[in-house]
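Subject: The model I promised you

Hello,

Here is the structure we talked about, handed over for you to browse. Please open it first, and then read on for what turned up.

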Amino acid sequence: MENAISTKTLKNAELLLRITMSITLLVAGISKFCSHGNFHKYYLKQFTNPNLRINLPSTLFDIYLGLIPFIEMGIGIALLTSFKRRFFIVVWIFYFISLEVGHYVLEEFTSVDLLIPIILFGVAAYILPGYEFFGGKDNS
C-alpha cells in the first residue's frame with residue numbers, strides 16, 4: 001500500500017499556499033496605505049515607549065514603519081508570480097521574522113508566538129515543488 005502524494009497535488013498545494021501568503025500581505029499593505037498614516041503613528045508611539053525593556057533609536061522604527069506597506073505590497077505581488085518564487089518566499093520568511101522581533105520589542109509575547117506558524121507557511125511553500133504556470137519551468 002503506497003501513500004505517496006502526487007507531484008501535481010504538491011504543486012497545487014504550493015500554489016494555494018503562495019496565493020494565501022500573497023493575499024495576506026496585499027490586504028495588509030492596502031490596509032496600511034488606507035490608514036492615512038495612523039498605522040505609522042500608532043506603532044511609532046508604541047516603539048518609543050520608555051517603559052519597554054528594549055529601547056532602540058526611534059529613527060530605526062520610523063524608517064521601517066514607513067517602508068512596511070511598500071514591503072508588503074512588493075512581496076505580495078512577487079509571490080503571485082512564479083518568477084524567483086523561492087527567493088521571495090525567503091523574503092517572506094525574513095519579513096515575518098522582523099515582525100516577530102518587533103512584537104518581542106513591544107513585549108507582545110502572544111503575537112510573537114502567533115507569528116511562528118505564519119513563518120512556517122513560508123517554510124512549507126519553500127519545500128514544496130513550484131507550480132508551473134502555462135507549462136513553463138519553475139523559476140525558483
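This is a predicted model: local features need pLDDT of at least 70, side-chain atom pairs count only at pLDDT 80 or more; totals for chains, interfaces and linings use all residues.

E107 sits in the loop between helix 4 and helix 5, and its phi of about 60° is positive although E107 is not a glycine. Most residues other than glycine have a negative phi. With a relative accessibility of 29%, E107 counts as partly exposed.

There is a second residue of this kind. K84, in the loop between helix 3 and helix 4, is not a glycine either and has a positive phi of about 50°. Is K84 buried or partly exposed? Its relative accessible area is 40%, so K84 is partly exposed.

**The chain as a whole**

The chain has five helices and zero strands, so from the N terminus on you will read α-α-α-α-α, going by the DSSP runs. Along the principal axes, the C-alpha trace spans about 60 × 35 × 20 Å. Of the 140 residues, 32% count as buried. The exposed surface comes to about 8,800 Å², and 68% of it is supplied by carbon and sulfur atoms. If you look at contacts with a separation of 6 or more, residues 24 or more positions apart account for 75% of them.

**Helices 1 and 4**

Helix 1 has 27 residues and reaches 39 Å from its first C-alpha to its last, close to the 39 Å expected at 1.5 Å a residue. Its buried residues include L15, L17, M21, L25 and L26, and among them are also the charged residues K11, E14, R18 and K32. Which helices do the buried residues of helix 1 pack against? They pack against helix 2, helix 3, helix 4 and helix 5.

Helix 4, with 21 residues, reaches 30 Å between its first and last C-alpha, close to the 30 Å expected at 1.5 Å a residue. R85, I89, W92, I93, Y95, F96, E100, G102, H103 and V105 are buried in helix 4. The cover over these buried residues includes helix 1, helix 2, helix 3 and helix 5.

E72 lies in helix 3. Why does E72 count as buried? Its relative accessibility is 3%, and buried means under 20%, so E72 counts as buried. Leaving aside neighbours within four places in sequence, E72 is in contact with L25, L26, A28, G29, K32 and Y95.

Neighbours within four places in sequence aside, I77 is in contact with S22 and L26. I77 and I19 are 58 residues apart in sequence, and their C-alpha atoms are 9.8 Å apart in space.

L115 belongs to helix 5 and counts as buried, at 8% relative accessibility. Beyond its neighbours within four places in sequence, L115 is in contact with F96, L99, E100 and H103. For another pair to look at, L115 and S31 are 84 residues apart in sequence and 19 Å apart in space, C-alpha to C-alpha.

**The largest pocket**

I kept the pocket for the end. The largest pocket has a volume of about 490 Å³. Of the 29 residues that line the largest pocket, I68, S98, L99, G102 and H103 are the closest to its centre. Which helix gives the most to this lining? Helix 4 does, with nine residues. At least two lining residues come from each of helix 1 (7–33), helix 2 (38–47), helix 3 (58–80), helix 4 (85–105) and helix 5 (109–127). By type, the lining divides into 22 nonpolar, five polar and two charged residues.

Two of the residues closest to the pocket centre, G102 and H103, are also on the list of buried residues in helix 4. L99 and H103, both closest to the centre as well, are among the contacts of L115.

Enjoy exploring the model, and do send me your thoughts.

Best wishes

Key: Residues are numbered from 1 along each chain as its sequence is written. Side-chain values use heavy atoms; hydrogens and water are left out. On a 1 Å grid over the protein atoms alone, a cavity is a set of points where a 1.4 Å probe fits but cannot get out, and a pocket is an open set with protein on both sides within 12 Å along at least five of seven lines; lining residues have an atom within 4 Å of a point. Grid points are joined across faces, edges and corners, and a volume is the space filled by probe spheres set on the points. Helices (H or I, at least four residues) and strands (E, at least two) are DSSP runs, numbered from the N terminus. Buried means under 20% relative accessible area, exposed over 50%, partly exposed in between (1.4 Å probe, protein chains only). Contact means heavy atoms within 4.5 Å. Accessible areas come from the Shrake-Rupley method with a 1.4 Å probe; for residues, only the protein chains shown count as cover. The expected span of a helix is 1.5 Å times one less than its number of residues.
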